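This report looks at a few local features of one protein model. Please have the structure open while reading.

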Amino acid sequence: MDVIVTPTPKLQGEIQALSSKNYTTRYLLVAALAEGTSTIYYPAHSEDSDAMRRCIRDLGAVIEEDNEKIVITGFGRSPKDVKQLDVGNAGAVLRFLMAIAALCPEVTFINRYPDSLGKRPHDDLITALGQLGVDVQHNEGKLPITIRGGQPKGGKIQVSGAVSSQFLSALLFLTPLLEEDSEIEVLHDLKSKVVVGQTLEVLAQAGIVIEASEDLMHYRVQGGQRYAAKDYIVQGDYPGSAAVLAAAAVTQSDVTIHRLEENSKQGERAIIDVLKAMEVPLTHENGVVHVQGNGKLKALEFDGDKATDAVLAMVAAAVFAEGTSRFYDVENLRYKECDRITDYLNELRKAGANVEERRSEIIVHGRPEGVEGGVEINAHYDHRVIMALTVVGLRAKQPLRIRDAHHVAKSYPIFFDHLKALGANVEWVD
């Protein structure tokens, strides 16, 4: 389905932040890897977290849930022998489970999204799994992928972090379960270090001990560890909230979002500091963000690798800022559900934005007077692109039609419901 975003001068109201997708998927996984029963309170409900639920159930986890919690009895080190897993369009879920599938005799990950996840490369993880003695059949590093494991061996492992930190996280989930100790060395560079920090935080909560170097490029992992069955509380989600905050920033607004912890390890928490630097009037106290936007923003420069999943929303706000903004160290945006640099900027230009791309930079020449709009634009099946383009549509002079906007459900199924509750003029159309 498409959505039509009609210019909306004012947003007002209060919402509860969605629960964090990143933490939910990690808590689901560590609960499945525990022997015993864990409870996850306030889990995210999205296509990604649903994919992890579905797959760990297929692997043998017993799951019971109600509106507030999920109770999981894990399979520990002994997942069920399954032939196929369907991760939908969830890249992180695929990569984490490629590692866990090494404990199974043979599992094939199918390719249901050839135009999105099916295009994304996983060579770096495939190479690392080979060092554990795992045989991987693949289509030039892409889906469909068959893992032939059963008896992976620990030891010295090298993995590139230049494309994604998810490959490293996958190994960090697997190696504590192996009989041998492991040493993991990250090669080249490590993207999204803050997200690795989230993985390490969740592993520690699950009772797993990992020695990490200060620069997060070297790890010592003792073998023979066991995940503990625990209770977990999922915090509010900054990546999704970034788009709502950007929408409040570019309009006349009085918007309050609850459940956003000030001391969160989510890198996308930086959206608060970015909007403050852009001189957006806001406060952040006791987990509550209050934005009283006046539609006036100043340009800035920002290292996007610190907050990968909030960059597109930041760029959307910068479209209306006074001056030229620069978002650098963002090359890993090219390896997401779509090329979030080229594809996104092409759509922004259609809407009337003045933007430029470099290999690892996005440059935005702000137009405080607004953009023209009045066009149909392509979301490229990407939830973050959909949300960011919606922000632009709220401040355009003519309505924007965003194609295939239902893919927002990957991370934020009620995004448009939340915007409507704040007064945004958005409408679903066939």
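Lysine 191 is in contact with Gly161, Ala162, Val163, Ser165, Asp305, Asp329 and Asn332, when its neighbours within four places in sequence are left aside. The model is predicted. In the chain, lysine 191 lies in the loop that links strand 11 (182–190) with helix 6 (193–205). Is lysine 191 buried or exposed? Its relative accessibility is 7%, and the cut-off for buried is under 20%, so lysine 191 counts as buried.

Helix 2 (residues 47–58) packs against helix 3 (residues 91–100) at an angle of about 25 degrees, and their axes are 9 Å apart. Angles under 35 degrees count as roughly parallel, so helix 2 is roughly parallel to helix 3. The crossing of the two helices is right-handed. The table lists the residues that make the contact.

| Helix | Residues in the contact |
|---|---|
| Helix 2 | Asp48, Ala51, Met52 and Cys55 |
| Helix 3 | Val93, Phe96 and Leu97 |

Of the residues in this contact, six are nonpolar, one is charged and none is polar.

Four strands form an open sheet with mixed pairing, in the order 6-7-9-8. Strand 6 (84–85) and strand 8 (135–139) are the edge strands, as each pairs on one side only. Strands of a sheet pair through backbone hydrogen bonds, either parallel or antiparallel. Strand 6 and strand 7 (residues 107–109) run parallel and are joined by two bridges. Leucine 85 stands opposite phenylalanine 109 in strand 7.

Definitions and conventions:
Residues numbered from 1 in each chain as written. Predicted model: local features only at pLDDT ≥ 70, side-chain atom pairs only at ≥ 80, totals over all residues. Heavy atoms only, no water. Buried < 20%, exposed > 50% of the residue type's maximum accessible area, 1.4 Å probe, protein only. Contact = heavy atoms within 4.5 Å. Axes fitted to C-alpha atoms, helices over the stretch in contact; angles between N-to-C directions. Parallel < 35°, antiparallel > 145°, perpendicular 65-115°, else oblique. Left-handed = near helix turned anticlockwise from the far one by under 90°. Nonpolar A, V, L, I, M, F, W, Y, C, P; charged D, E, K, R; others polar. Pairing = 2+ DSSP bridges.
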